[in-house]
Amino acid sequence: MRPPICEIFEDIPKDARSSGPISNWSRTFDFTPSIILKPYAIFQVQQIVERCSRYGLRISVIGSGHSPSHLVKQKDVLVSIDRLDKVLEVDENDVATIEGGITLNQLNISLQKRGYALPVLGSISEQTISGAIATATHGTGINFGTLSSYVTGVEAILADGKLHTIQDGDRHFNAFRSNLGMLGIVVRVSMKVEKSFKLKATQKLDKFDNVLDHLDELLYKGEHTRFWWAPHTDDVVTWTASRTNEPLQNTSPQPPNAMSKSTYENLLYGTTFVPSLVPIVNRMWLRRMIHEYTTVDHSFNVFNFDCLFHQDVSEWAIPKEKCADAMRALRHMITSKGYKVHASVEVRFTKRDNVWMSPCFERDVCYIGVIMFRPHDRAMPSQVRYFRDFCHLMLTRFDGRPHLAKPHHTSSGGLHRAFPMLNEFLKVKKQVDPTDMFGNVRGIFRLEKKWLKAKL
């Protein structure tokens, strides 16, 4: 008979183990694992994996908890490697070797001290590097890939408890570059970086149809391009950024008369009771939270944005040439079904890669992300229906692939259709983790309980 979990790990130092409820940043889910472990060193991670294997326990690895999906949710052992947080070296080929628990914020600062930077970042840097590559985190720029695409190797502890090195050219390399926490515990990452740089960013106001009619022009106006549409209006905010040698020019992205975040949250809270107020609040967001500006700053300061407060998010990647049609179809769907949708819908662009579980696999993509805020942790009444309709639209009409770290409301069959290498990924999962020790593969891919025994 298996002993209690607390006894299995009783020799782990007290400050490296705890228990209690866990929730993600947006508070869209919570759960209580049997034990939470925070190892100080790789050998301790190996000990944890060996014992879980011996006693038939399941493991999930949690990063910063920013994912709104259920990737880490299960009841046995939760592991955080945030104490493995060092940049070990940057070699003469501009390849950085990094411990898997370092956050992107920590990594940005550490790389800058060495004169380096990540080529691209998403909107936030709170994630751990292992979590960011596990979920193919992306920024924007049609000549820039996901963070996973810059990975040249990983060191991971697999179900056998041993430390394995997987490098470019190895058979399973493109499965591990975006592993969704399902193949093992990635404790070190090697990835391409570049010499540190500044970005000059310009934000402008425009109109919905004008942006879509001249999308190719906007797409190549800067190295990094994105835009936001405020639903229930014709207004769009465009943002472009390119590398520059100009001196720093710090300009606030908020207008001088900006309303406070707390005021905005309170207004959004009111819309959860009276949804008809949403169009008014969206127009207030444009007038009181957005203005045109130009700024020059260190790259990571320009890439990152204030995401304000808790929110539900769903994001899909479609072939970039379908962007304009998809945005017009989304506008029609919102109008025809009477949804009241918070600002904003965000559109970004990312270069193709060969990472198996990346939404950018073998095609340049446009990411369309829909946001519904959770002011004071209260969701909009129509949020689930809106997200389901959005996901169905992206999958069935625009050949979309969901960002798997975000809710996607997609069946197993739909995911197999969206990700051509999913079957190969599951084969690797069976080979390196034959007892399904790691992650939440059934929950994410909507697999039946007997999937481990099924022939792929």
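**Entry 1**

I started with Ile368 and skipped its neighbours within four places in sequence; Ile368 is then in contact with Ser314, Glu315, Trp316, Ile318, Ala326, Met327, Leu330, Val345, Glu346, Val347, Phe390 and Met394. Contact here means heavy atoms within 4.5 Å.

A note to myself: this is a predicted model, where local features need pLDDT of at least 70, side-chain atom pairs count only at pLDDT 80 or more, and totals for chains, interfaces and linings use all residues. Residues are numbered from 1 along each chain as its sequence is written, and side-chain values use heavy atoms, with hydrogens and water left out.

Next I looked up the largest nonpolar core, which has 123 residues. Such a core is a set of buried Ala, Val, Leu, Ile, Met, Phe, Trp, Tyr and Cys residues joined through side-chain atoms within 4.5 Å. Ile368 is among the members that touch the most others, along with Phe227, Tyr264, Met327, Leu330, Tyr386 and Phe445. I also found a second, separate core of 24 residues, including Ala16, Leu57, Ile81 and Leu84. In soluble globular proteins, nonpolar side chains tend to be buried together.

**Entry 1: the whole chain**

I read off 15 helices and 21 strands. These are DSSP runs numbered from the N terminus: helices are H or I with at least four residues, strands are E with at least two. The radius of gyration is 22 Å, close to the 23 Å that the globule rule gives for 456 residues, so the chain is as compact as a globular protein of that length. That radius is taken over C-alpha atoms, and the rule is 2.2 Å times the number of residues to the power 0.38.

I noted that buried residues make up 58% of the 456. Buried means under 20% relative accessible area, exposed over 50%, and partly exposed in between (1.4 Å probe, protein chains only). Among contacts between residues at least 6 apart in sequence, 73% join residues at least 24 apart.

I found a cis peptide bond between Ala343 and Ser344, with omega about 15 degrees. Ser344 sits in the loop between helix 11 (323-337) and strand 19 (345-350).

Then I checked the loop between strand 20 (365-373) and helix 12 (383-398), where His376 is found. His376 is not a glycine, yet has a positive phi of about 50 degrees. Asp377 lies in the loop between strand 20 and helix 12 too, and its phi is also positive, near 65 degrees.
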